[in-house]
Amino acid sequence: MGVVGILLALGLLMFLAYRGFSVIFFAPVLAILAAVFSGLSILPTYTEIFLPSLANYVKVYFPFFLLGAVFGKVMDESGAARSIARAIVNKLGVKRAMLSVVLSAAVLTYGGVSLFVVAFAVYPFAASIFKEADIPKRLVPATIALGAFTFTMDALPGTPQIQNSIPMKFFNTDLYAAPVFGTLGAIMILVIGMFYLERRRKSAQAKGEGYGLGHTNEPEIQEDRYLPNPWLSAVPLLAVLVVTFVLQKFIFPNWDVTAEVTQPPYNMLPDGVVGTQNNWALMVALVVGILLAFVINPRGIKGNVAKAINLGAIGSLLAVLNTASEVGFGNVIKSLPGFQSIGSSLTGINSGGSPLLSEAVTVNVLSGVTGSASGGMSIALDTFGEYYLNWADRIGMNPELLHRVASMSSGGMDTLPHNGAVITLLGIAGLTHKQSYKDIFAITLLKAGTVFTLILLQSVFNFV
């Protein structure tokens, strides 16, 4: 009955999220349902397992959601995001419409702009250039997803997205962990993803299918005399990357604060100081990016300063609570007796004595279950992170590989139909799951498959 309860709760959560119901409300309800099937009490499950798990996730990761969302909105309101996207589209032209959209989304994502903001910023130009090139509009979401939800989200070393920052806490690594592994993965995803999208475009056009008629949410591109220079617009993005790199690689490693922060009133654990310092580095970098985004185009953002801060802050609350509720749900599930057999099966996966395959499968499964890359990875590493780290220590494996595999795996099966970013992206484009999800799922399978391919290659060539 316990296993039945887990499966029923997971199925209902996916279904309700797919139908547009709030996971903030239904995640605790369904977590309690699963607990009842296992014989646990309702109120203690809610107050002693669900809520503490939710609160702990917010405590650790809220600064990234808040600063990332505000940074994205400031980039949007200042015109910097539109300026960068328009410059790339104009430079590559109609003949490379799909590549233009992918690179526009990739540049913004790698620079630290929130995935949701990237979708809003890039979509108008994507729809416009697809229409000009007579490419089916149903391919727009998958094209944006390849640029924003894959290689620049968690594969490329240094990306400031939260999916790349979460593992730092567990493995005492930084954003640049496993550079060879991550860079190879990014190249593979981009090349194979573009090959797939171009094949889909050619196949559709060979059948006489064009952009299509009767679409909703068609964008109205208006000329904006106050858009900043695209090179100037890129300065805040570069600043986030550079400041993070300098702080993590040169400043904080020489700043010994262990003696101070492990004493009252902080009481930090010594093993977590390095990971926390790397979190501080990203916070400082995002603040620098926000300040620069404000000043690069004062004429364009005039009168919109409060709007950018307020909308970013409000949007971050919804995003972090959605994810934290899924984390709370997952932590209730992992506390149930029925989950113990599932966990044993996941950690029992062994490939040549390496923890990488087990970690990749575990993170993929939990990210798919929760419909959240950051939520699924947090649950996986909270539950098994220490186990994988000890395993890596026993065989002399660099923990940077654990970081990169966890990060990239979180962005694999997370984009199932109930994923919030997928639902948002389809809504922005005015398309349905039936019209466009098939190609988004293909990109999902590509991303997940790349991780396992790299694990195989790493076992042969032993690169980090």
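Let me begin with a definition: helices are DSSP runs of H or I with at least four residues, numbered from the N terminus. The model before you is predicted, so local features need pLDDT of at least 70 and side-chain atom pairs count only at pLDDT 80 or more, while totals for chains, interfaces and linings use all residues. Residues are numbered from 1 along each chain as its sequence is written, and side-chain values use heavy atoms, with hydrogens and water left out.

I turn now to empty space. Rolling a probe the size of a water molecule over the atoms shows where such space is left. The search uses a 1 Å grid over the protein atoms alone; a pocket is an open set of points with protein on both sides within 12 Å along at least five of seven lines, a cavity is a set where a 1.4 Å probe fits but cannot get out, and lining residues have an atom within 4 Å of a point. Grid points are joined across faces, edges and corners, and a volume is the space filled by probe spheres set on the points.

The largest pocket holds about 1,200 Å³ of space. Its lining has 45 residues, and F116, A319, N322, A421 and T424 lie nearest its centre. Which helix gives the most to this lining? Helix α16 does, with nine residues. By class, the lining of the largest pocket has 21 nonpolar, 20 polar and four charged residues; here Ala, Val, Leu, Ile, Met, Phe, Trp, Tyr, Cys and Pro count as nonpolar, Asp, Glu, Lys and Arg as charged, and the others, Gly among them, as polar.

The second largest pocket has a volume of about 830 Å³. Of its 22 lining residues, K169, M268, L269, G272 and T276 are the closest to its centre. Helix α19 supplies the largest share of this lining, six residues.

There is also one cavity of 30 Å³ or more. The largest cavity contains about 50 Å³ of space, and helix α22 (residues 433-461) gives the largest share of its lining, four residues.

Finally, I return to α16, residues 305-335. Its axis and that of α2 (residues 23-37) come within 9 Å and cross at roughly 5°. Axes are lines fitted to C-alpha atoms, for helices over the stretch in contact, and angles run from 0 to 180 degrees between N-to-C directions. The crossing therefore makes α2 roughly parallel to α16, a term for angles under 35 degrees.

Methods: Helix = DSSP H or I, 4+ residues; strand = E, 2+ residues; numbered from the N terminus. Parallel < 35°, antiparallel > 145°, perpendicular 65-115°, else oblique.
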